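Thanks for making time this morning. I would like to walk through one model with you, going from the overall fold down to individual side chains, and please hold me to the cut-offs as I state them.

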Amino acid sequence: MSSADAAAQLAQLLAALTHPDTNAIREAEVALKPLLKDSRSVPALVEVLKSRGAQPDAVRQVAAIVLRKRIGGHWSKFDSPTKTALKTEILTVLSSEPQRIVRNGAVGVAATMCKLECGEEGAGTGGNAWPELFQFIAKAAGDANGDARELAFLLLGEMTETIGLHLKPQFPSMATLFANALTDSETKVQNASVKALGQLLSYLADEKEVDIFAALIP
């Protein structure tokens, strides 16, 4: 089966999950189970996620949810070029997706990918595990578009554990991003940054590095 055929098959089953028919949902779940055990389901789900115009937004959102749940079981099976290609695809979705529900779904996928990559690299090397993601976040945080700035802090909020475990060397530069966002002109950016900062402060409560971020609270 080609990758396009696999994506089409998955999309059809995912579409059934969005309908109110209980029997159809149950049948789709049974059919999906063996497919999702195959690592080829990961690139196929990415194809569904990015198929704007070809698939309904609800189906693409479900693809993101399923991808986030399943990718951890397959990540170690992929070679480096495949991982790089998948990460690039997700960054493309994050930068170009206009639909909020789909974009937010991709946020969860990116956060999970980052956690997996940082876990493989080891503590303190998170920025090196996926540098393009952190470049993306820094650029988005300073973007003229409020949606992009909000997206940066939605990503940081989803990555609380990864940040706390692996990104301590980058805390000072991250604190600058938060400081700017807390006084942003758009409420949604302020809200996203406050939520992400609160989660990070809670995670770091018993560590000395908490002072770097606690100083940002009035």
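What you see is a predicted model, in which local features need pLDDT of at least 70 and side-chain atom pairs count only at pLDDT 80 or more, whereas totals for chains, interfaces and linings use all residues. Residues are numbered from 1 along each chain as its sequence is written, and side-chain values use heavy atoms, with hydrogens and water left out.

Let me start with the fold. The protein has 13 helices and zero strands, where helices (H or I, at least four residues) and strands (E, at least two) are DSSP runs numbered from the N terminus. The radius of gyration, taken over C-alpha atoms, is 18 Å, close to the 17 Å that the globule rule gives for 218 residues, so the protein is as compact as a globular protein of that length; the rule itself is 2.2 Å times the number of residues to the power 0.38. Along its principal axes the C-alpha trace spans about 55 × 35 × 30 Å. If we define a contact as heavy atoms within 4.5 Å, then among contacts between residues at least 6 apart in sequence, 63% join residues at least 24 apart.

Now to burial, for which I use relative accessible area with a 1.4 Å probe and protein chains only: under 20% is buried, over 50% is exposed, and partly exposed lies in between. Buried residues make up 44% of the 218 residues.

Which residues have the most contacts inside the largest nonpolar core? By nonpolar core I mean a set of buried Ala, Val, Leu, Ile, Met, Phe, Trp, Tyr and Cys residues joined through side-chain atoms within 4.5 Å. The largest such core has 70 residues, and Leu94 and Phe213 are the ones with the most contacts inside it. The largest share of this core, nine residues, comes from helix H6, residues 100–121. Leu94 touches, beyond four places in sequence, Arg103, Ala106, Val107, Ala110, Phe136, Leu151 and Leu155.

Rings of Phe, Tyr and Trp (its six-membered ring) pair if their centres lie within 6.5 Å, and planes under 30 degrees apart count as stacked, over 60 as edge-to-face and the rest as tilted. By this rule the count comes to four aromatic pairs. One of them is the edge-to-face pair of Trp75 and Phe78, at 6.2 Å centre to centre with 90° between the planes, and both residues are buried. Phe171 and Phe213 form another edge-to-face pair, at 5.0 Å and 70°; Phe171 lies in helix H11 and Phe213 in helix H13 (residues 210–214), so this pair ties together parts that are 42 residues apart in sequence. Phe153, Phe171, Phe178 and Phe213 form one aromatic cluster.

Ser193 is buried, with a relative accessible area of 0%.

The disulfide count comes to zero. Cys114 is buried at 1%, and Cys118 is buried at 0%. Both are touched by Thr162, whose contacts beyond four places in sequence are Cys114, Lys115, Cys118 and Leu167; Thr162 sits in helix H10, residues 160–166, and is buried, with a relative accessible area of 4%.

Methods
Disulfide = S-S within 2.5 Å.
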